[in-house]
Amino acid sequence: MNKRAKVFAHRGVSGHFPENTMAAFQGALEAGADGIELDVQMAKDGKLVIIHDETVDRTTGGTGYIKDMTFDEILRLDAGSWFGNVYTGETIPDLDQLLQWAIREGNELLINIELKNDLIEYPGMEEKVIDLILKYKLEQRVIISSFNAESLKRVRELHATLHTGYLIEGIPENTLEMAKKIGANSIHCEEGFALSGFGRKAKDAGFPLRVYTVNDETRSRFLNSAGVEVIMTDFPERFLK
């Protein structure tokens, strides 16, 4: 019998709550998920902000790039009403707030922090993220991932043992080679890679596969058979039945 893959709530329970908000992360905890995945950008004043896009346009009532706004300006934005009126007033959290929540009694969620620095360079982002992880003594519960291989290499240079996940799209042939080169511990991929020969080769080489973003629970049978370690989904309850 194949071992069940862990279930991570993608941007929190983003199928039922506004993504990357504390409501979505609390929903993951209450659903019994094994972990959460979240995205980090950096504000003008250096604050680490939890939001997927480089701009606030899609998920708030505001407009503009995160890099051009202070955290106080970002905090004033409504990050919930786009999803539903019941979430009006939900705000964009910062990483410090999230990690404070993560160390509360009864919260043992694994935390996948994706550094969103593949389109915009955020100097010093890696150091700031690592400092917060160490501040809250969460080294054993956090995974740092990024599409930016150089950024993950920097994380490894700054900290020898923090778990890093190399993020890829599609089925790149050089994935395993690159993961080894940058000192990554795992590969975060789409289903196609996980079920391919390249995916099997990576897994056999000791790289756990974490697959995003799977919302059809019938796919779990194939992914579990492939030995996938984590399934990331907007609807964790579908996979936790």
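Mentor: A residue counts as buried under 20% relative accessible area, as exposed over 50%, and as partly exposed in between, using a 1.4 Å probe and protein chains only. Helices are DSSP runs of H or I with at least four residues, and strands are runs of E with at least two, numbered from the N terminus. This is a predicted model, in which local features need pLDDT of at least 70, side-chain atom pairs count only at pLDDT 80 or more, and totals for chains, interfaces and linings use all residues. Residues are numbered from 1 along each chain as its sequence is written, and side-chain values use heavy atoms, with hydrogens and water left out.

Trainee: Which residues of helix 1 (residues 22-31) are buried?

Mentor: They are M22, A23, A24, F25, G27 and A28. These buried residues pack against strand 1 (6-10), strand 2 (35-42), strand 3 (48-50) and helix 3 (95-102). After helix 1 comes G32, with a positive phi near 85 degrees.

Trainee: At what angle do helix 3 and helix 4 pack?

Mentor: Axes are lines fitted to C-alpha atoms, for helices over the stretch in contact, and angles run from 0 to 180 degrees between N-to-C directions. Helix 3 and helix 4 pack at about 25 degrees, their axes 10 Å apart. Helix 3 is therefore roughly parallel to helix 4, a term for angles under 35 degrees. Contact, meaning heavy atoms within 4.5 Å, involves L95, D96 and L99 of helix 3 with V129, L132, I133 and K135 of helix 4.

Definitions and conventions: Parallel < 35°, antiparallel > 145°, perpendicular 65-115°, else oblique.
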